[in-house]
Amino acid sequence: MTMLDSSSRQQQVNGGGGGGGGGGGGNCFEYTPHHQKQIIVDIIRDSTNKFDEGTLYYILSNRWFECWRNYVGYSIDEFLLGKQPSDSLDANGDSPMEGCRPGPIDNTHLLEKGCENKSDDQDIGDKMEEQKDYVLVPQKAWEKFVEWYGGGPALPRKLIYAGFNNTYIVEVFPLRLKLIDLRDDSKSIIRLSRKASVRELYEKVCSLKRIKPEEVHIWDYFGKQKQMELAVSDQSMEEVHLQMDQDILLELRVDKQNSTRNDLALVPMEPPSTMSNGRSTDSKLGLNSKFTDMDDVYYKSPRKGEKRGLAGLNNLGNTCFMNSALQCLVHTPPIVDYFLQDYTNEINKENLLGMHGELAHAFGELLRKLWSSGSTTFAPRVFKGKLARFAPQFSGYNQHDSQELLAFLLDGLHEDLNRVKRKPYIEIKDSDGRPDEMVAEECWNNHKARNDSLIVDVCQGQYKSTLVCPDCGKISITFDPFMYLSLPLPSTVTRTMTVTVFYGDGIGLPMPSTVTVLKHGYIKDLVLALSADCGLKSDESLLLAEVYENQIFKFFENPSQSLTTIKDEDLIVAYRIKKGAGKTKLVIVHRWQEKSPSGYLKANDKKIYGTPLVTCLDTDLLTGADIENAVSRVLLPLKRMCFSSAKTHNSRENGFLSEANEKQSSSSDTQLAESNQNMEEDTDQGESSSKGLSFQLYLTDDKAYNFKPIEKDFTIRAGQVNYVLLEWTEKEHESYDKSYLKDMPEVHKSGFAMKKTRQEAISLFSCLDAFLTEEPLGPDDMW
């Protein structure tokens, strides 16, 4: 069904009556595509301002309508949002986006199976969706389409008033009833509007069966049982609670004087039937006896030893989502006690946000019936009808989410039972360092001043929300009301990540580190886990970066960045940087010549290779000597020492050192540290640590596109990030073990780092813990 609001123009295309539009008669060849578009736009625009109950709209195949829109250049935004159509025309006065002319209208694919050959009362399939399978157009627009293109069949639908918040509905799926004729057990389908009266039902049935209205009874035959007689009246189908696809029973009246000669008049011989709520039905009880819903709700005191509240709810057709939520509510003790007593004085019929007390009234009736003495099962048809009226998304018999229904029901009951008739304006105050108890009580009193009902007393609470400004450190504490919480599942919040850790000061070899972090955690969580795993010292910090195509793609410097931005196939590295080492980053990328299969160097085949190294310098003016010293320092761990570093590296498997070589590696790190210390002492004495450095260094950019040779007397002003290209030659290949710079492990490779552990059980408390985990807010989040 299409929802329309008489107080807004949000859905302009789907509202109102059959407004007029420009254009006269004739076929479509008398009108250019642009003129057709303008005529239809005028009709639709005019119809958006008219909301008359009973106005006809027509169902039109979206497949055909899209062809026509492409033909005339009518965009979907113009149709759905009512935007002003573009007036851009070509030299011939036509739309520049003109497509092929559509053929005759074809709505046959929308029809329900078995209805293709009928001339009227045609239903469309229950699975058809608006804007996907069909669109709704005003009557005059339909007439224009038929005049221009022909085709069909016509599928008219009426605009009806939903009776809530000035909402109008185009009744795409009219009420469908199954008529059972008691004379011969024949079955027929009756289609009519939910707003049609019982009188119209009698007229339609009598016309179909060719009998007079005064000669028949029509019964509500839900569940193959006589529920009550539908006496001729002006009550609507909704008011007598007739549902889609339910049975009604046709029975001839008995003429006592001529009953022996009336062979077709059948009198039921069974005793009065029993209603599904346990009450017997008197055949004299009709709608003209002023029967109301509350009259049907009587509350019998329980007999001694009798257990109440054990009644079930019949499934009306995919209504298990509703029944389960209702059973939870009608067995909540405070709610039971409330509705079993007189609650009518608390119904708020003035609340604009409520349903004028009708939802609370229908729920109260339902609860009383379920707790009545002798109840076993009950069909909640009346409640289902009220629910569909106020929440059309739950109309029909499709499956829905039980929590969505419960949320709507609790909110609706609260507004219908809100004891506050006039809601005051209250200015919210900040906590200003006051005790939590005082702030919580103040916030709750403010909430109760505007919202005071049974639902607030039983189903609402408070949670504390603390916001800390990352810039100024100001703390804001509020206590917000809640009725339900959406909790995350902790079983899906962890992941393993492998990161290769380098030393920015060149005192050790790079080593991979595998840690477990929150799946939806943040960079700061990964940094903390890596710090613990690699034994980060108090005077060190970690700088994370992503490597792509052997270059630094980006640095992860925002601790609040989500880890979901890092994929399993990414290459992530971390650099151990001494605190106070400086803010100037020096990124060292590597380039060397490829060898041909015969062993010769390729003349012009140089490419970026390996993993970049990063160090930090505390200077604003970089010289060639500073850069050479820094490069020598970070390369020191790779220099081949007197021990067999090649042997050590060959024992690595996928970047990990084997246990047999751990001692040797430790010895290596010790010698590297001693060598580095000696190098620093030499530097302090004025001796260049780059003595003997045969690398050719170039100043380059972040893409390594431009190069400028670096000499010792070279001087540049340092930027935040400076890039240096290191040219490897055969001599450096012999002096340094470059294998540590390649074949870095990915963040996570299935079956590589860890075996899958058994999934832990999920408890409500673990979900609450995940919900209460501190969550940094980003610049795009609401503060």
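A polar contact here is a pair of N or O atoms within 3.5 Å; within protein, one must be able to donate a hydrogen and the other to accept it, and residues adjacent in sequence count only if both atoms are side-chain atoms. Helices (H or I, at least four residues) and strands (E, at least two) are DSSP runs, numbered from the N terminus. The model is predicted, so local features need pLDDT of at least 70 and side-chain atom pairs count only at pLDDT 80 or more, while totals for chains, interfaces and linings use all residues. Residues are numbered from 1 along each chain as its sequence is written, and side-chain values use heavy atoms, with hydrogens and water left out.

Overall, the protein chain holds 19 helices and 28 strands. Of its 783 residues, 45% are buried (under 20% relative accessible area, with exposed over 50% and partly exposed in between; 1.4 Å probe, protein chains only). The chain exposes about 41,400 Å², and carbon and sulfur atoms supply 49% of that (Shrake-Rupley method, 1.4 Å probe; for residues, only the protein chains shown count as cover). Take the contacts (heavy atoms within 4.5 Å) between residues at least 6 apart in sequence: 72% of them join residues at least 24 apart.

Now to S61 and its surroundings. Strand β2 (residues 56-61) runs antiparallel to β4, and 5 bridges join the two; strands count as paired if DSSP finds at least two bridges between them. Within this pairing, S61 sits opposite Y134 of β4. In a regular strand, side chains alternate between the two faces of the sheet. For β4 (residues 134-138), 5 of 5 residues are buried, with Y134, L136 and P138 on one side and V135 and V137 on the other.

S61 also caps the N-terminal end of helix α2, as a side-chain oxygen lies 3.3 Å from the backbone nitrogen of R63. The buried residues of α2 (residues 62-72) are N62, W64, F65, W68, R69, Y71 and V72. After the helix comes G73, with a positive phi near 75 degrees.

Another serine, S233, is found in the loop between β11 (228-229) and β12 (247-252). S233 counts as buried because its relative accessible area is 14%. A polar atom of the S233 side chain lies 3.3 Å from the backbone nitrogen of Q235.

Further along, strand β23 (residues 601-617) contains I608, which is buried at 16% relative accessible area. Leaving out residues up to four places away in sequence, I608 touches N550, Q551, H590, R591, A704 and L725. I608 and E727 lie 119 residues apart in sequence, yet 9.5 Å apart in space, C-alpha to C-alpha.
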